[in-house]
Amino acid sequence: MPPASRAATEPAPVAAPPADLSPDQQLFQALAAFQAEATAAAKDAKNPAFHSTYATLASVLTAIQPAAKHGLSHAITYTQDEEGRTTLVATMFHVGGGML
């Protein structure tokens, strides 16, 4: 069996954003395109204290991965206060320079 081609394993290139739009407009246009096709993250964990289910961070990251084909990427950082509470911050970036 021949080896898989690189094209089959690499994501499609991202189209250049329209030059007549500001970086924020490019970001919002790409975000709208992604949201039009996105599906909700799977609720893949249970919280016995509240008898509920929730989406883990892994599930959320899997759900947003297709945003890359629209030129969107993300970074996640966290901080922890003196009482041990953790705050997670997600920042979205667009290839055109916008960030949210």
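Reply: Begin with accessibility: a residue is buried under 20% relative accessible area, exposed over 50%, and partly exposed in between, with a 1.4 Å probe and protein chains only. This is a predicted model, in which local features need pLDDT of at least 70 and side-chain atom pairs count only at pLDDT 80 or more, while totals for chains, interfaces and linings use all residues. Residues are numbered from 1 along each chain as its sequence is written, and side-chain values use heavy atoms, with hydrogens and water left out. In this protein of 100 residues, 14% count as buried.

Me: How many helices and strands are there, and in what pattern along the sequence?

Reply: Helices (H or I, at least four residues) and strands (E, at least two) are DSSP runs, numbered from the N terminus. Here there are three helices and four strands, and the pattern along the sequence reads α-α-β-β-α-β-β.

Me: Which strand does β3 pair with, and in which direction do they run?

Reply: Two strands pair if DSSP finds at least two bridges between them. β3 and β4 (residues 86–94) run antiparallel, joined by nine bridges. Gln80, for instance, has Thr86 in β4 as its bridge partner. The two strands form a hairpin with five residues between them, and Gly84 in the turn has a positive phi of about 85 degrees.

Me: Which residue has a positive phi although it is not a glycine?

Reply: Most residues other than glycine have a negative phi. His51 has a positive phi, about 50 degrees. His51 sits in the loop between β1 (45–47) and β2 (52–54), and its relative accessibility of 75% makes it exposed.

Me: How many salt bridges does the structure hold?

Reply: A salt bridge is a side-chain nitrogen of Lys or Arg within 4 Å of a carboxyl oxygen of Asp or Glu. The structure holds three. One of them joins the side chains of Glu37 and Lys69, at 3.3 Å from N to O. Glu37 lies in helix α2 (residues 23–37) and Lys69 in the loop between α3 (57–64) and β3 (72–80), so this pair ties together parts that are 32 residues apart in sequence. Glu37 is partly exposed, at 39% relative accessible area.

Me: Which residues do the salt bridges with shared partners join into one network?

Reply: Arg85 meets Asp81 at 2.8 Å, N to O, and Arg85 also meets Glu83 at 3.3 Å, N to O. Arg85 and Glu83 are both exposed. Through shared partners, Asp81, Glu83 and Arg85 form one network. Asp81 is partly exposed, with a relative accessible area of 27%.

Me: Which residues make up the largest nonpolar core?

Reply: A nonpolar core is a set of buried Ala, Val, Leu, Ile, Met, Phe, Trp, Tyr and Cys residues joined through side-chain atoms within 4.5 Å. The largest has six: Leu27, Ala30, Leu31, Phe34, Ala67 and Leu72. Four of these residues come from α2, the largest share.

Me: Which residues make the nonpolar surface patch?

Reply: Such a patch takes residues with over 30% relative accessible area and no salt bridge, with nonpolar side chains (Val, Leu, Ile, Met, Phe, Trp, Tyr) joined within 5 Å; like charges are joined within 9 Å. Areas come from the Shrake-Rupley method with a 1.4 Å probe, and for residues only the protein chains shown count as cover. Leu57, Val60, Ile76, Tyr78 and Leu88 make a patch of about 470 Å². Tyr78 lies in strand β3 and is exposed, at 61% relative accessibility.
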